[in-house]
Amino acid sequence: MSKPLKQIHLAAHFPGVNNTTVWSDPAAGSHIEFSSFAQFAQTAERGKFDFLFLAEGLRLREQNGQIYDLDVVGRPDTFTILAALAAVTDRLGLTGTINSTFNEPYEVARQFASLDHLSGGRAAWNVVTSWDAFTGENFRRGGFLAEDQRYDRAKTFLQVTQELFDSWHGDEIVADKETGVFLSDPDAGAFVHRDAHFDIHGRFNVPRSPQGRPVIFQAGDSDQGRDFAASSADAIFSRHSTLEAGQAFYADVKGRLPRYGRRRDELLILPAATFVIGDTDAEAEDLAHEVRLAQVSPQTAIKFLEQLWNRDLSDHDPDGPLPAVDPVVGENTIARGRASVRMHRDPIAVANEWRAKAEAENLTTRELIVEVTGRQSFIGAPDTIASAINDLVQADASDGFILVPHITPGGLDPFVDRVVPLLQERGVFRADYTGTTLRDHLGLAPLPAPRRSKDSRWAAS
C-alpha cells in the first residue's frame, strides 16, 4: 500500500534582520509603515498559509563601529505589529520572536496570552536566546550568559510561562446577572516558582486563552538547541533546505522525540526558503542572478568578507581575488550583534574553502560572496517550484517551508497566485482553512485543560 501524501505547511517571513530585501527595486516598500505588514499578512492569508513570522533584533548591529547597513534599521516592536495584524486577518497564525535572555516570564506570558485572546487562538512564540554582551548592554541585567546557561535559562523560562498559562483552567470566570462576575476557583492565576533563575510568586491576571498557550517555535541548530526543540517545541526552524542536509536534520531531530515521550508528528520541521519565479526555468535563473547581484553589491561583498576575516578590509578590491592574509582568530571585533559571525567556528578553514572554490571556478571576491551567501532555495517556473517543494516534503527533508521573498510587501503575491494553486491541485496543500487556531493549521492536537485542584469552589471576586 502506498504511503499517504504528506500535507505541506507554508508560512511567510517578513524579512527585517537580514539583507535579502532588494531595496533598489521600485516595488520595495516600507519596513515600518503598518500598511506593508498588513498587505503582506493578507496575501499570506489569501494563500491559506499557516502563519506569518516576524524576527526581532534587540539592538542595532554595528560593523567597524558604524550602524550595520545590511539590515533593516528601526523595525517596530513585534508584539505591537502582531496585535495590529490580528485585527486585519481572520485565520493566519501570528508568530513572533521574543528573547528569553533579557525578558521576564510573567511579562512575556501576559503578552502572548493577550495576543492569543485578541487573535482567537492564532499566537505563536519563537523562543530565542541572546549570546553577546553587546546586546545585553541595552538591559538592566547586562552582560550575557554562556551557551549552556542560556539554554538552561530558556528551558526554565519556558517552563515558568507554561505554569503561568496553566494557572487558569479555562472556566473560572462566570458571569452572574444579579451579582456580577464570580471566580469558581479562588486560586485562579496563583503561581509560585523558585529556582536558580527565577524567584517569583503572585497571580497571573490573563485567563486561559483559546489555545491554552501559544504554539512554541525554536530555531537552534546546536546539539543543545535540537534537544530543546525535541523536548519543548511544536516546530523548529531550520537552515537546512537541500535534500541531503534536510533529511539528515529531519532524522536527527525527529529521532530525539521518543526520549521525551513525544511522537514524530508532535514537532514540525520548517526550513526558511527563498524563491524566484519566472515563466520558464531559464528566465527564472536569469532573474535570480540579477537578484543576487542586487543583494550583494560590491560594498556588501566587502561587509560579508570582513565578518569572516575579522579585520578592516575597506580597501580590498571586490573585483579582485580573496585577501592573501588569513582571518583574525578570536573574539570578533568587526561585526557586533550579528549572530552569523558565530557560525564560522574555524575561520581559517572556511577561508581556505573559499579560496579553493574561488580558484577552481575563477571567481572574484564579489562573485565568491554571491555564491557562498546564496539564498534562492527555489528557482524556476511555477510547476518546477511546486514539484521541488513537494518532493522535499514527501522525502522527509522538511514538513514545509517558511518563505522569504526578496521584495516586500508584494513579493509573496507571485507565489500565492502561481505556485499555491499547483500544490492544491496535487492534493498536498489545503484549499481552505479547516480550523480556526494555529494549532489547527499545523495539525497539532488541542492542549488539554489543566486539572482543577480538589478544593476548587465558588467564590466571589
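Predicted model: local features only at pLDDT ≥ 70, side-chain atom pairs only at ≥ 80, totals over all residues.

S1 spans residues 9-14, and six of its six residues are buried.

S1 has parallel pairings with two strands. Four bridges join S1 to strand S17 (residues 400-403), where Phe401 is the bridge partner of Leu10. Four bridges also join S1 to strand S2 (residues 51-54), again running parallel. In S2, Phe51 stands opposite Ala11.

## Loops beside these strands

Asp399 sits in the loop between helix H12 (382-394) and S17. Its relative accessibility is 5%, so Asp399 counts as buried, the cut-off being under 20%. The side chain of Asp399 makes polar contacts with two lysine side chains: that of Lys6 at 3.2 Å and that of Lys254 at 3.3 Å. Leaving aside neighbours within four places in sequence, the residues in contact with Asp399 include Gln7, Ile8 and His9, as well as Tyr250, Leu267, Leu268, Ile269, Leu270 and Val393.

Gly57 belongs to the loop between S2 and strand S3 (62-63). Because its relative accessibility is 47%, Gly57 counts as partly exposed. Gly57 and Gly16 are 41 residues apart along the chain, and their C-alpha atoms are separated by 8.6 Å.

## Annotated binding-site positions

Which positions carry the UniProt feature "binding site"? The unreviewed UniProt entry places this feature at Thr97, Tyr151 and Ser222.

Thr97 is part of strand S5 (residues 93-99). With a relative accessibility of 7%, Thr97 counts as buried. A polar atom of the Thr97 side chain lies 3.1 Å from the backbone oxygen of Leu54. Not counting residues up to four places away in sequence, Thr97 touches Phe53, Leu54, Ala55 and Glu56, along with Thr78, Asn126 and Val128. Ser222 is located in the loop between strand S11 (215-218) and helix H6 (223-232).

## Nonpolar cores

The largest nonpolar core has 76 residues, and Phe49 and Phe415 touch the most other members. Helix H5 (residues 147-165) supplies the largest share of this core, with seven residues. A second, separate core has 17 residues, among them Ala301, Leu322, Leu368 and Ile369.

Which residues does Phe415 touch, not counting those up to four places away in sequence? The residues touched by Phe415 are Leu10, Phe49, Phe275, Ile277, Ile385, Ile389, Leu403 and Val420.

## Domains

The domain assignment gives domain 1 as residues 9-281 + 376-442 and domain 2 as residues 297-373. The C-alpha centres of domain 1 and domain 2 lie 31 Å apart.

Notes: Residues numbered from 1 in each chain as written. Heavy atoms only, no water. UniProt positions renumbered as here; feature names shortened; annotations may be inferred. Buried < 20%, exposed > 50% of the residue type's maximum accessible area, 1.4 Å probe, protein only. Contact = heavy atoms within 4.5 Å. Polar contact = N/O pair within 3.5 Å; in protein donor to acceptor, adjacent residues only side chain to side chain. Core = buried A, V, L, I, M, F, W, Y, C linked by side-chain atoms within 4.5 Å. Domains from an automatic or database assignment. Pairing = 2+ DSSP bridges.
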